[in-house]
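This briefing concerns aromatic ring contacts and their surroundings. Which residues do ring pairs link into a cluster?

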Amino acid sequence: MRKVKITAVRQTVYRDLMAEYENPIEHACDVCQGQTWISVGGRCPEGLCESAWESMRRFVEALARGEGNFFDGWMRNPLSAMISCNDGFRPVSFYIEAIP
């Protein structure tokens, strides 16, 4: 199985949606732009948000098995994917790529 690198590339914050719909949360997300993790054997890396992991798990597992080319050529690098976590108020975009 291949190792897969996971990089947090951007976080967007929708303050208008937070003001309208979210209960106040003092500490919602620890992920920082540029932060990286390495998945070994398609497993969740230590310290990665469980919610984010659930959003990307099937792609990481597939890349770890040597699969790729998701959605028939979606990504320039066929052994990668751009996945966002499922937080509708402050989603983080993650670039995941198989490490040769």
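Ring pairs join Phe-59, Phe-70, Phe-71 and Trp-74 into a cluster. The model is predicted, so local features need pLDDT of at least 70 and side-chain atom pairs count only at pLDDT 80 or more, while totals for chains, interfaces and linings use all residues. Residues are numbered from 1 along each chain as its sequence is written, and side-chain values use heavy atoms, with hydrogens and water left out.

**Ring pairs**
- Five aromatic pairs are found in a search of the whole structure; rings of Phe, Tyr and Trp (its six-membered ring) pair if their centres lie within 6.5 Å, and planes under 30 degrees apart count as stacked, over 60 as edge-to-face and the rest as tilted.
- One of them, Phe-59 with Phe-71, is tilted, at 6.3 Å centre to centre and 55° between the planes.
- This pair links distant parts of the chain, 12 residues apart: Phe-59 belongs to helix H2 (residues 50-64) and Phe-71 to the loop between H2 and strand S3 (80-84); helices (H or I, at least four residues) and strands (E, at least two) are DSSP runs, numbered from the N terminus.
- Phe-71 and Trp-74 have ring centres 5.5 Å apart and planes at 75°, so the pair is edge-to-face.

**Accessibility**
- Phe-59 is buried at 7% relative accessible area, whereas Phe-71 is exposed at 57%; buried means under 20%, exposed over 50%, partly exposed in between (1.4 Å probe, protein chains only).
- Trp-74 is partly exposed, at 37% relative accessibility.
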